[in-house]
Amino acid sequence: MKWLLGFLALCCSAALFPFGGIARAAGTVPVAVSIPPQKYFVEKIGGRWVAVSVMVEPGANPHNYEPKPQQMIQLAAAKIYFAVGDPFEKVWLRKFAAANPAMLIVNTEQGIRKLPMDSHGHGEEAPRHGKSGKKEAIPEGLDPHVWLSPPLVMLQARNILDAFLRVDPEHRSDYEANYARWVTEIVQLDLYLLEKLSRRDVPREFMVFHPSWGYFAGAYGLKQLSVEVEGKEPKAAELKELIRHAKERNIRSVFVQPQFSGATAKVIAEAVGGRVVMADPLAEDWDRNLREMGDKLSAALP
Ligand code: ZN
């Protein structure tokens with residue numbers, strides 16, 4: 001409970017810094033989100049009326065996240081928490097709510113039917129692929145990476161809009177206009193990716209170290225093949241099978257993300273005479289990031 005002590009100790013300074021030290025203009029709504037792409041989402045709709053604080057900082061792995069005392073201060077001032085359904089929220093949302101009972105907690109993934117993790121049975125259990133040897137029991141088995149599919153983000157956009165209308169009805173017309181504009185952008189992104197990636201024949205496969213791209217793949221007729229098995233490095237026999245499969249299907253690229261080690265991906269890429277490609281599922285510049293993913297995949301697909 002180190003964070004709690006830090007939180008109490010720093011409580012008084014919160015009065016001096018209205019939003020945890022983040023300067024914000026008068027009249028803006030302080031909100032918190034779990035991961036960087038959500039900052040993009042919330043700013044798209046909140047526009048100039050929102051000040052966003054991100055819990056999982058760029059480059060960090062959300063699945064083994066713990067808040068810093070400074071972030072608990074930001075949370076104490078937040079009017080809305082936009083959750084996305086990442087496993088760490090199972091542990092921390094309750095504590096966030098206790099630290100700030102007046103804060104509206106919005107499950108932006110509400111209305112999305114989550115799918116099981118891919119065929120390799122990767123269950124999204126936070127501590128398994130983390131470095132902090134801590135045990136937090138979150139055996140869910142459902143894929144949490146809903147922010148990477150444009151059609152699913154349209155649903156999240158709607159939930160985000162509803163929250164702003166509820167908390168700050170005064171600026172309703174701005175929020176609605178921002179929402180409408182952003183939905184148009186999402187449709188354009190979706191069309192770009194459809195054109196880049198979709199083919200009418202059998203689903204094409206790509207290999208990825210941590211299976212973050214399941215919903216993205218599903219939206220564009222692709223199939224992701226996970227190197228991780230249930231959140232762990234593959235065993236020797238599993239690795240051999242992955243290499244055999246990749247050779248058979250002519251899969252040459254192995255996608256990795258900065259939050260996880262790419263060592264095994266490199267072994268596979270070398271074995272199939274291919275290469276490792278970086279793709280970050282947590283990049284804040286969401287639209288550009290997904291376009292780049294589309295370009296990389298389009299170049300890599302067999
Ligand atoms: Zn993940």
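Predicted model: local features only at pLDDT ≥ 70, side-chain atom pairs only at ≥ 80, totals over all residues.
**View 1. The four strands form an open, parallel sheet.** Reading across the sheet, you will meet the strands in the order β6-β5-β7-β8. The edges are β6 (222–226) and β8 (275–278), each of which pairs on one side only. On average, neighbouring strands here are turned by 40 degrees against each other, direction ignored.

**View 2. Strands β5 and β6 pair in parallel.** Five bridges link β5, residues 204–208, with β6. Look for M207, whose bridge partner in β6 is L225.

**View 3. The largest nonpolar core has 70 residues.** The residues with the most contacts inside this core are Y81, F82, F96, F164, F206 and F216. Both domain 1 (2–193) and domain 2 (198–300) contribute residues, so the core lies between the two domains. As a general point, nonpolar side chains tend to be buried together in soluble globular proteins.

**View 4. Here are the contacts of F82.** Setting aside neighbours within four places in sequence, F82 is in contact with V31, A32, V33, S34, Q38, V42, V106, T108, I160, A163 and F164. Of these partners, F164 is also listed among the residues with the most contacts inside the largest core.

**View 5. Another core lies apart from the largest one.** This core has 16 residues, including F209, V256, F260 and I268.

Technical notes:
Residues numbered from 1 in each chain as written. Heavy atoms only, no water. Core = buried A, V, L, I, M, F, W, Y, C linked by side-chain atoms within 4.5 Å. Buried < 20%, exposed > 50% of the residue type's maximum accessible area, 1.4 Å probe, protein only. Domains from an automatic or database assignment. Contact = heavy atoms within 4.5 Å. Pairing = 2+ DSSP bridges. Helix = DSSP H or I, 4+ residues; strand = E, 2+ residues; numbered from the N terminus. Axes fitted to C-alpha atoms, helices over the stretch in contact; angles between N-to-C directions.
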